[in-house]
Amino acid sequence: MIEKSFDKAYPIKINGIPQSTLTRAANRLLAEYAAAFGGWGGAPDEITAIAEQIKQGIDSEEYEYESTYDGGGIGNKVYDNVKYTNEARARAFWDTDEYNDPVYRVTWYFFASETYTKNIAGKTLRAGSYHDILKKVTTAKGKYRYFCTHRPPSRGIIPDGFVSYDTYGRDERYIGEVTYNEQPPAEALRNWGLVIDPDWERIRAAYVDIE
């Protein structure tokens, strides 16, 4: 979760509000927007316009944006569900203080959160970023990973003793995966069309503290 807020009233000095003060406020607006929502793609035109209007010390339109996305995992199913919540408000305008003196008020509020969940071995794992859920899920899975080549994995059609299993989404090379802490018999692997992932030990070692 990332939350950025700013609310400041700038009084008029003898020579007005210093240009350097307004420029710092405008730059901070853009920087905190990027910190909350990521720098890729840049800020929307409305936020960029408000930043320019702050530099000039003039009123801006009020910017408001809210969005929520709740969806399932795709591809190799690192997570089962993810929820994104974004909220943004910004405005700059002339106002008066408690003494009825004119002030230039600059205010914004940015909020961004993401929550990932994944069920592994009967436990629900939660994390606030993709990296963190990937680490938790990788740590919770078994020492050996096998890819399914014949059919999606489920109880009864994969060797017993598994730690976790997942069916992959479309356009993946394999149908799904199964993980174990002990390797099943070679005959069982052949019968159910499971092929070992040769890179799993290296991948898992990157996230699991191995003594």
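## Cavity

By class, the residues around the largest cavity comprise 7 nonpolar, no polar and 1 charged, with Cys, Pro, Ile, Trp and Leu among the types counted as nonpolar and Arg among those counted as charged. This is a predicted model, in which local features need pLDDT of at least 70 and side-chain atom pairs count only at pLDDT 80 or more, while totals for chains, interfaces and linings use all residues. Residues are numbered from 1 along each chain as its sequence is written, and side-chain values use heavy atoms, with hydrogens and water left out.

The lining consists of C148, R151, P152, P153, I157, I158, W192 and L194, where a lining residue has an atom within 4 Å of a cavity point, and a cavity is a set of points on a 1 Å grid where a 1.4 Å probe fits but cannot get out.

## Sheet

An open sheet is formed by 4 strands in the order 7-8-6-9, with antiparallel pairing; strands are DSSP runs (E, at least two residues), and two of them pair if DSSP finds at least two bridges between them. Strand 7 (162–167) and strand 9 (194–196) are the edge strands, each pairing on one side only.

Strand 6 (residues 144–148) runs antiparallel to strand 9 and is joined to it by 3 bridges, and F147 stands opposite V195 in strand 9.

## Residue T117

T117 lies in strand 4 (residues 102–120) and counts as buried because its relative accessibility is 19%, the limit for buried being under 20% with a 1.4 Å probe and protein chains only. Leaving aside residues up to four places away in sequence, T117 touches Y79, D80, N81, T124, L125 and R126, contact meaning heavy atoms within 4.5 Å.

Conventions:
On a 1 Å grid over the protein atoms alone, a cavity is a set of points where a 1.4 Å probe fits but cannot get out, and a pocket is an open set with protein on both sides within 12 Å along at least five of seven lines; lining residues have an atom within 4 Å of a point. Buried means under 20% relative accessible area, exposed over 50%, partly exposed in between (1.4 Å probe, protein chains only).
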